[in-house]
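Keep the viewer open and follow along as the stops come up.

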Amino acid sequence: MTFISTRNTAPAASLSQAIAAGLAPDGGLYVPERMPAPRRLAPGATLADTAATLLQPFFAGDGLAPELATICGEAFDFPAPLQPLATPGDHVLELFHGPTAAFKDFGARFLAACLARLRRGAERPLTILVATSGDTGAAVAAAFHRQPGLRVVVLYPDGRVSPRQAHQLGCFGDNVSALRVAGSFDDCQAMVKQALGDAGLQAQVPLSSANSISLGRLLPQTSYYAHAALDHHARHGRPLDFVIPTGNLGNALAAIIARELGVPIGRIVLATNANRVLPEYFDGGDYAPRASVATIANAMDVGAPSNFERLRWLYDGDDAKLRAAFRSHAVDDTAIRQTIAERYRRYGEVFCPHTAAAVHVLGDLRERGVEGDWSVVATAHPAKFESVVEPLIGRALEVPPALAALLARPAHADPLPPDYRALKERLLRD
Ligand SMILES: *Cc1c(COP(=O)(O)O)cnc(C)c1O
């Protein structure tokens with residue numbers, strides 16, 4: 001399969017080239033030249049085998065194709081269970097059983113497994129540069145830790161990520177360096193962008209990114225939707241509808257692609273926090289990206305969803321068709337807090353703030369009489385956001401074992417001024 005840019009002015013690329021590049025050279029996002037025909041998918045397969053079957057047409061003809069099954073086995077070595085909720089017909093798809101307890105582990109591990117193979121035999125290591133406000137950096141650091149031929153440099157705003165998040169970023173060592181920047185997330189991101197665009201630096205230190213526009217992160221995320229919806233359909237004969245906590249639209253876009261590939265998924269509803277660019281658009285307004293506002297569901301604090309360009313491409317740039325296909329609802333911090341407290345009080349269920357936004361939206365749909373079998377997508381374990389969740393439920397949360405193991409390691413981050421020259425020096429030195 002060949003991949004083209006959403007902006008149509010970059011040369012077509014193979015899957016390997018598109019994964020290695022991240023962004024297309026014209027600034028667009030890589031998309032498949034055409035969507036593959038619906039797949040013949042069987043329930044009852046493992047998550048890894050479902051992934052390999054689903055992704056096979058995207059890998060057809062690529063150098064990575066013979067290794068697809070091994071890559072899937074390596075990346076998907078933890079479960080993504082679909083569990084019933086207390087309210088009848090409602091479910092939760094738990095995506096937080098990976099090493100850093102968030103769904104980003106799936107995409108980051110798949111990307112790392114692909115890049116490790118693409119860099120085999122390379123003379124110099126490839127440096128993955130990541131600016132993070134928390135979850136992405138930890139997932140990428142964990143996935144690339146000790147991968148041969150690869151190293152990771154994570155930049156995060158000092159004092160503006162939770163203590164647990166900072167610890168997760170600094171606890172790896174080896175080929176992973178954490179830099180705590182005396183500045184904001186935007187400063188970190190600007191420094192990373194400048195480095196990625198610095199041809200002189202790249203000639204000496206090959207660089208790549210691992211952000212949510214990477215095809216190597218997007219494509220594998222279709223797998224857990226397929227695995228859950230196929231099993232549900234086999235058991236009950238009905239499709240599964242999803243409410244998805246949404247920021248940059250990477251996770252939701254994967255569900256949309258899975259549906260295009262023939263997975264028995266019904267409706268897809270996007271839940272955002274108080275950043276309402278998507279709800280406004282789907283309600284008929286213009287697409288109006290803007291600066292983000294800070295919320296307690298901070299991994300969704302996005303004012304310009306980076307995958308929107310891909311979503312529009314998928315609907316042929318036809319806004320009416322796109323608006324007709326989805327609903328999106330915004331949930332503010334007050335409603336998120338109420339949902340966390342109330343679901344615990346009434347049912348003993350505990351959700352992270354992002355997942356709680358989706359639970360709130362599903363509750364509203366049910367109140368309006370919407371029927372069907374629904375699943376909310378749990379994007380992180382609540383223990384990652386203990387400072388929000390614990391006061392609302394009035395008890396301490398148990399930390400999942402993988403996360404506890406990370407928190408038990410010593411952590412270290414080097415300080416860095418918010419200055420591009422300092423980053424460049426650091427990259428040239430190591
Ligand atoms: C990244 C993240 C999201 C948002 O996912 P997108 O793919 O950016 O839409 C939601 N919840 C959590 C916990 C996350 O880490």
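Between which two helices does the loop with Asp316 lie? Asp316 sits in the loop that runs between helix H13 (308-314) and helix H14 (319-325). Before going further, please keep in mind that this is a predicted model. Asp316 has a positive phi of about 55 degrees, although this residue is not a glycine. With a relative accessibility of 61%, Asp316 counts as exposed, because the cut-off for that label is over 50%.

**Another positive phi**

Leu249 is a second stop for anyone checking backbone angles. Its phi is near 75 degrees, a positive value in a residue other than glycine. Leu249 is found in the loop between strand S9 (240-245) and helix H11 (250-260).

**The chain as a whole**

Now zoom out. The chain contains 19 helices and 13 strands. Its radius of gyration is 21 Å, close to the 22 Å that the globule rule gives for 430 residues, so the chain is as compact as a globular protein of that length. Along the principal axes, the C-alpha trace spans about 60 × 50 × 40 Å. Of the 430 residues, 56% count as buried. The accessible surface of the chain comes to about 17000 Å², and carbon and sulfur atoms account for 50% of it. If you look at contacts between residues at least 6 apart in sequence, 74% of them join residues at least 24 apart.

**Around the ligand**

The ligand is surrounded by 14 residues, and the closest are Lys104, Asp135, Gly247, Asn248 and Thr379. Sorted by class, this shell has five nonpolar, seven polar and two charged residues.

| Residue | Protein atom | Distance to a ligand oxygen atom |
|---|---|---|
| Asp135 | polar side-chain atom | 2.7 Å |
| Gly250 | backbone N or O atom | 3.1 Å |
| Asn251 | polar backbone atom | 2.9 Å |

How much of the 380 Å² that the ligand exposes when taken alone does the protein bury? The protein buries 98% of that area.

**Helix H6 and what covers it**

Helix H6 covers residues 163-170, and its Gln165, Gln168, Leu169 and Gly170 are buried. The cover over these buried residues includes helix H5 (135-144), strand S6 (150-157), strand S7 (176-181) and helix H18 (401-407).

Which residue does the side chain of Asn275 join in a polar contact of 2.9 Å? The partner is the side chain of Asn273. Asn275 belongs to the loop between strand S10 (265-272) and helix H12 (277-282). It is buried at 7% relative accessible area. Not counting residues up to four places away in sequence, Asn275 touches Ser292, Val293, Thr295, Met300, Asp301 and Val302.

Ser184 is also in a loop, this one between S7 and helix H7 (185-196). Its relative accessibility is 17%, and Ser184 counts as buried because the label applies under 20%. Leaving out residues up to four places away in sequence, Ser184 touches Pro157 and Arg160.

Phe110 has its place in helix H4 (residues 104-118). Is Phe110 buried or exposed? Phe110 is buried, with a relative accessible area of 1%. Leaving aside neighbours within four places in sequence, Phe110 is in contact with Leu55, Phe59, Leu68, Ile71, Cys72, Ala75, Phe76, Gly216 and Pro220. Phe110 and Tyr156 are 46 residues apart along the chain, and their C-alpha atoms are separated by 23 Å.

His227 lies in helix H10 (residues 222-236). Its contacts, again leaving aside neighbours within four places in sequence, are Ala45, Thr46, Leu47 and Thr50. For a distance across the model, take His227 and Asp174: they are 53 residues apart along the chain, with 34 Å between their C-alpha atoms.

Definitions and conventions
Residues are numbered from 1 along each chain as its sequence is written. This is a predicted model: local features need pLDDT of at least 70, side-chain atom pairs count only at pLDDT 80 or more; totals for chains, interfaces and linings use all residues. Side-chain values use heavy atoms; hydrogens and water are left out. A residue is near a molecule or strand if one of its heavy atoms lies within 4 Å of it. A polar contact is a pair of N or O atoms within 3.5 Å; within protein, one must be able to donate a hydrogen and the other to accept it, and residues adjacent in sequence count only if both atoms are side-chain atoms. Accessible areas come from the Shrake-Rupley method with a 1.4 Å probe; for residues, only the protein chains shown count as cover. Ala, Val, Leu, Ile, Met, Phe, Trp, Tyr, Cys and Pro count as nonpolar, Asp, Glu, Lys and Arg as charged, and the others, Gly among them, as polar. Buried means under 20% relative accessible area, exposed over 50%, partly exposed in between (1.4 Å probe, protein chains only). Helices (H or I, at least four residues) and strands (E, at least two) are DSSP runs, numbered from the N terminus. Contact means heavy atoms within 4.5 Å. The radius of gyration is taken over C-alpha atoms; the globule rule is 2.2 Å times the number of residues to the power 0.38.
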